[in-house]
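Here is a short briefing on one chain-to-chain interface. Please keep the sequence and the structure at hand while reading.

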Protein chains: 6
Amino acid sequence: MSMVDVTSKPEIFREATATGTIKLKAETVRLIKKGKIAKGDPLYTAKIAGILAAKNTSALIPLCHPLPLTNVEIETKILDGTTVQVTSTVKTKAQTGVEMEALVAVATSLLTIWDMVKQYEKDARGQYPHTFIENICVVKKVKEGVSSERKRKKTQG
Amino acid sequence: MSMVDVTSKPEIFREATATGTIKLKAETVRLIKKGKIAKGDPLYTAKIAGILAAKNTSALIPLCHPLPLTNVEIETKILDGTTVQVTSTVKTKAQTGVEMEALVAVATSLLTIWDMVKQYEKDARGQYPHTFIENICVVKKVKEGVSSERKRKKTQG
Amino acid sequence: MSMVDVTSKPEIFREATATGTIKLKAETVRLIKKGKIAKGDPLYTAKIAGILAAKNTSALIPLCHPLPLTNVEIETKILDGTTVQVTSTVKTKAQTGVEMEALVAVATSLLTIWDMVKQYEKDARGQYPHTFIENICVVKKVKEGVSSERKRKKTQG
Amino acid sequence: MSMVDVTSKPEIFREATATGTIKLKAETVRLIKKGKIAKGDPLYTAKIAGILAAKNTSALIPLCHPLPLTNVEIETKILDGTTVQVTSTVKTKAQTGVEMEALVAVATSLLTIWDMVKQYEKDARGQYPHTFIENICVVKKVKEGVSSERKRKKTQG
Amino acid sequence: MSMVDVTSKPEIFREATATGTIKLKAETVRLIKKGKIAKGDPLYTAKIAGILAAKNTSALIPLCHPLPLTNVEIETKILDGTTVQVTSTVKTKAQTGVEMEALVAVATSLLTIWDMVKQYEKDARGQYPHTFIENICVVKKVKEGVSSERKRKKTQG
Amino acid sequence: MSMVDVTSKPEIFREATATGTIKLKAETVRLIKKGKIAKGDPLYTAKIAGILAAKNTSALIPLCHPLPLTNVEIETKILDGTTVQVTSTVKTKAQTGVEMEALVAVATSLLTIWDMVKQYEKDARGQYPHTFIENICVVKKVKEGVSSERKRKKTQG
């Protein structure tokens, strides 16, 4: 078993952008907007957790290479009354791409939002009937100046 | 800012089950079924990565408590020609629940599958038009013997 | 060489509070108050970093025991025009105290504030003539309900 | 795939002792005895690395449970002119044993000794013709007061 | 105290191969061959654990430099009825060699095999009379195209 | 939220030196000098913990970049009867400076000294009336051969 051997590949500029969303109760999204979540600011906390996770990717995903990330940026956006979107962009100058780092950042940010608003999402039995994470995908990659974007399919979201 | 203070809560048996799916190209799913993925066995690798991630939850999600997990179980299932499902069950005897651990395990397993099959999912421009992770949610929780399950909504997939 | 053997000590409630301060330029403290630090909110980021670090104490300090923390709370306060204070309180039910966890949280929070405001503190030569961290100490401990506080000496602050 | 489910096992006192040896050049062992290793004290460094590694076992060995270690002790002994022995004893009160923790501590300590004396062990081509780690094994376990020891076989060294 | 200062050394291609073996009961090796180990596939799990550990070397061995590994490959081989061998090859383009990374990978893989087959190796008293890890050594190094191999001594195996 | 984007900055030689002190009881410093601290050598242990922490900086401080450190050196000095000083120098060839790495090393070393001498510093109530960490600051930076030093203010020390 082996990681992909990137020894002889050139170190070039790489960038990847990933996104994903979390569905929440309308009341929870209202509380987020008002800054009334008891545990703290879920979106800010999510961004920090996402940045830290991006840097930890090669410890989480077994065959990922350790890469010298030169930037990680995470944005959050309330898409509608029950949806929060996280977008992560990761850059490096390395021998392989950073889409896994961008995806790890998005997933960890979304999970952190869930953790921050748990108390508002749980029903009486401790279940989360309204909460789910969806549409985690890579939306853009840049390789040495050449950029391309994913044409997202209707059915995804 | 504070974690939730669970100091005075009793240590009781807790269990949580989470699931999620990854959409892949039909050809990739065929290769998985045949055991022909060049980097290794994506489902087995995903399970190990998920178990390790569950144990690492309190380092990934800022306000999660460190918990003495007594079991983590991860199962994968090819749901249909383009969908792989991951299900994770986590157990502990602790002062707070383990749904975040189950969710972290599922998300990390799904991301690991993505990493293992990257080369088959990428198009000529390096994009992933067919790949996305969806429907990560908590499907069951048990608290000191009392079990409850989420009624999953039709619209989720 | 050995950790202190706490095998036969009872698991009792423990709490520790630590504090420390960072000296900054007056202009930097003004920017913090106005929410104008370019990299983000230094105090909020510091709190999250401190909570994560508290949970990581036994990996940072060689002879610390891994402890099941039941709460970590971090507060920040602008003491005067050039001083920010961080206070951390950690709780557990364990066989040994949590003062190292509280100290690690404070130190990491203070270092994070430094990192967040670096650009405003550096002079033309890249030096930090005004920035230093001081007075990191334990101010309170509670052991099974019995609380005691440190009488801080004048000379420290 | 699953960790062993220890949910219903009682938390009892557990102890495990493991040992292992590293073979070095006679000249290297002489330098260790004289305290002349340029990088520092290899035996002391090894002990610290071993203690830290023991606490990190559940992150290194995929199916190990996270356990609240109450003691880790590491001793080193120069057995003869070319052999250094590391012995590690780990204690806990938990639902499963700590032999993997003791073994991880021994292996990491031995690897650290290797790293500390690398420059004396390498030949002109950068090879290590004399260096190897051997006989890593569990020599003793205690379970709730009942102790047992391994009868080591002659052939092992 | 200091790491070796490699600041002024050139970044060149480096490769190191290490091996080691674990002795098991004949019955355990038979179960491995048949794919009948209850906890999962010990050899596959060992490979993943070894790759993850190689990437974690500078956190485990105090004076190791963090290196941008470009490949880690791990192979396992059943040498005879009671012996499993692990071989690890690590590559980088860096200022210092990767023998410690290769050794850490081998040691962690061997320890993981032990953990996966524990239940078959233990005797009635919980001891491991037949299990030990031996002959962990560096067998090959390559430095900028110049390869050399260790002449293994008879007495080692 | 974003790390500082250093993608287009050149990789140049960087060095940073930080210091800090810990105040202890005179009796504790005497015990350190005599090598009589029961838990081990606090200064040696502190150096190892500091070096390990420096390499872990980007996991501790949320917006720090992962950097390929080429050297970490830590020195300790008993300044007077109640003061121990730690000095850390970190080097890299990278796109951003290493002052945070040097500061993290110093802080972790000082915290480790605290942990190693805890039993001598505690009073009857478990408080630390004499122990505090102070004057953590950056004293020197080098950037591509250009060195500058901080003019330390009288009031700091």
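How many residues of chain D are in contact with chain E? The count is 50 residues of chain D, facing 50 residues of chain E. This is a predicted model. The area buried between chain D and chain E is about 4,000 Å².

**Surface and polar links**

- Carbon and sulfur atoms give 61% of the area buried between the two chains.
- Two salt bridges are found across the interface of chain D and chain E.
- A salt bridge links the side chains of D:K122 and E:E99, with an N to O distance of 3.9 Å.

**The side of chain D that touches chain E**

- Four elements of chain D each supply at least two residues to this side: α2 (42-55), α4 (99-121), β4 (132-143) and β5 (146-149).
- The largest share comes from α4(D), with 12 residues.
- By class, this side of chain D has 24 nonpolar residues, 13 polar residues and 13 charged residues.

**Strand pairing between the chains**

- β4(D) is joined by two bridges to strand β4 of chain E, residues 132-143.
- The two strands run antiparallel.
- Which residue of β4(E) is the bridge partner of D:I136? The partner is E:I133.

Key: Residues are numbered from 1 along each chain as its sequence is written. Chains are lettered from A and ligands numbered from 1 in the order in which they are written. This is a predicted model: local features need pLDDT of at least 70, side-chain atom pairs count only at pLDDT 80 or more; totals for chains, interfaces and linings use all residues. Side-chain values use heavy atoms; hydrogens and water are left out. Contact means heavy atoms within 4.5 Å. Buried area is the accessible area (1.4 Å probe) that two parts lose on being put together, summed over both. A salt bridge is a side-chain nitrogen of Lys or Arg within 4 Å of a carboxyl oxygen of Asp or Glu. Ala, Val, Leu, Ile, Met, Phe, Trp, Tyr, Cys and Pro count as nonpolar, Asp, Glu, Lys and Arg as charged, and the others, Gly among them, as polar. Two strands pair if DSSP finds at least two bridges between them.
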